[in-house]
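Biologist: I'd like to learn how to read sheets and packed helices in a model. Could you take me through it step by step?

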Amino acid sequence: MARLHARVGTIRQLEILLAVYRNGSITKASKQLHLTQPTVSGQLKKLADDVGVPLYEQIGRRLMFTEAGLELIKGAREVMDSFDRLEMKLADLQGLKAGTLKMAVVTTSKYLIPHFLGEFVKAYPAIDIVLKVANRQQIIEQLETAEYDFYVFSHPPSNFELDVIPLAANPLVPIAAESHPLARQRKIPFEQFAREPFLIREMGSGTRHAIEQHLKNAGLDLNVRMTIESNEAIKHCVMSELGVSILSRHTLALGGSEGLKELDVEHLPIRSQWYLARLAGKEMSVIASTFLDYVQAQKDRLSTLLLP
Ligand code: PGA
């Protein structure tokens, strides 16, 4: 037993390893941990010596973790998770819901999720929230490390075993500048809309993924003029008459729609749905299951409140 413990390092070394993995750099991890760079590299070297194989390679400025390194990171995450769960359980036994809820959500859901979190935090003020916001592909990558309690997607990936619950409708609607000629037209044929210069989200975006699928099903191609990494920037470019787009109605209803018009296009909006997902089999902390209960109880009220 003692031998096994020595081979996978001390808790502190595992914490250091996770910080380096999260930050992708020894310098950044050192800053975050308030340690010197040589201390962090020294601890990682000691850990690698104990394990008996290299944990990472430095390629240019990038750290590339080896298979052994990634396995150790997975195990370290489980160890830390179980400490966190224990702390939350002990707090719960003292009648206190305290601890951290970790969520990773796709960019577009940032209009919706804070409203769910706002009321939850008011009900449980001792809970801290970690909220990672990134595009769909980047959130899918986060599933690998199983670091988060919950994930929010409108198109959950099929290559992970997930438990999902539907949260709210997420219609993707066609938009143009108020001054655009299409803004006055009714029942615009889909083919006509598709010929307009189109502003599309970046590769890896869930919105883009849904639009591409919808167009493929209709046998049409888009006339893409610009690729833009942000819903807000797309709205401003549409307002400035650079083209038309398709965005989640939440970006307009909850993020402002001044100068924009939702168009009446045949075969649109694209009907999609927000899902709260968790990795099947990942043990739930007291805080995570409290949040899940809260979402189940409140989702109908909150979703209609947000998008009547
Ligand atoms: P996105 O994701 O913010 O990456 O476009 C939205 C979605 O999954 O619908």
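Modeller: Start with two definitions: helices (H or I, at least four residues) and strands (E, at least two) are DSSP runs, numbered from the N terminus, and two strands pair if DSSP finds at least two bridges between them. This is a predicted model, where local features need pLDDT of at least 70 and side-chain atom pairs count only at pLDDT 80 or more, while totals for chains, interfaces and linings use all residues. Residues are numbered from 1 along each chain as its sequence is written, and side-chain values use heavy atoms, leaving out hydrogens and water.

Biologist: In what order do the three strands of the open sheet come?

Modeller: The order is 10-7-11, with antiparallel pairing. Strand 10 (245–248) and strand 11 (260–262) are the edges, each pairing on one side only.

Biologist: How many bridges join strand 7 to strand 11?

Modeller: Three bridges link strand 7 (residues 172–177) with strand 11. Ala-177 has Leu-260 in strand 11 as its bridge partner. Helix 10 (residues 231–239) packs on this sheet and touches strand 7, strand 10 and strand 11; contact means heavy atoms within 4.5 Å.

Biologist: And strand 8, is it buried or exposed?

Modeller: Buried means under 20% relative accessible area, exposed over 50%, partly exposed in between (1.4 Å probe, protein chains only). Four of the five residues of strand 8 (residues 197–201) are buried, so the rest of the structure largely encloses it. Strand 8 runs parallel to strand 9 (residues 223–228), and five bridges join the two. There, Arg-201 sits opposite Ile-228 in strand 9.

Biologist: Now the helices: how do I describe a packed pair?

Modeller: You give the angle between the two axes and the distance between them. Axes are lines fitted to C-alpha atoms, for helices over the stretch in contact, and angles run from 0 to 180 degrees between N-to-C directions.

Biologist: At what angle do helix 2 and helix 4 cross?

Modeller: Helix 2 (residues 11–23) and helix 4 (residues 37–51) cross at roughly 110°, their axes coming within 10 Å. That makes helix 2 roughly perpendicular to helix 4: angles under 35 degrees count as roughly parallel, over 145 as roughly antiparallel, 65 to 115 as roughly perpendicular and the rest as oblique.

Biologist: What about helix 2 and helix 3?

Modeller: Helix 2 packs against helix 3 (residues 26–33) at about 125°, with the axes 8 Å apart. Helix 2 and helix 3 are therefore oblique to each other.
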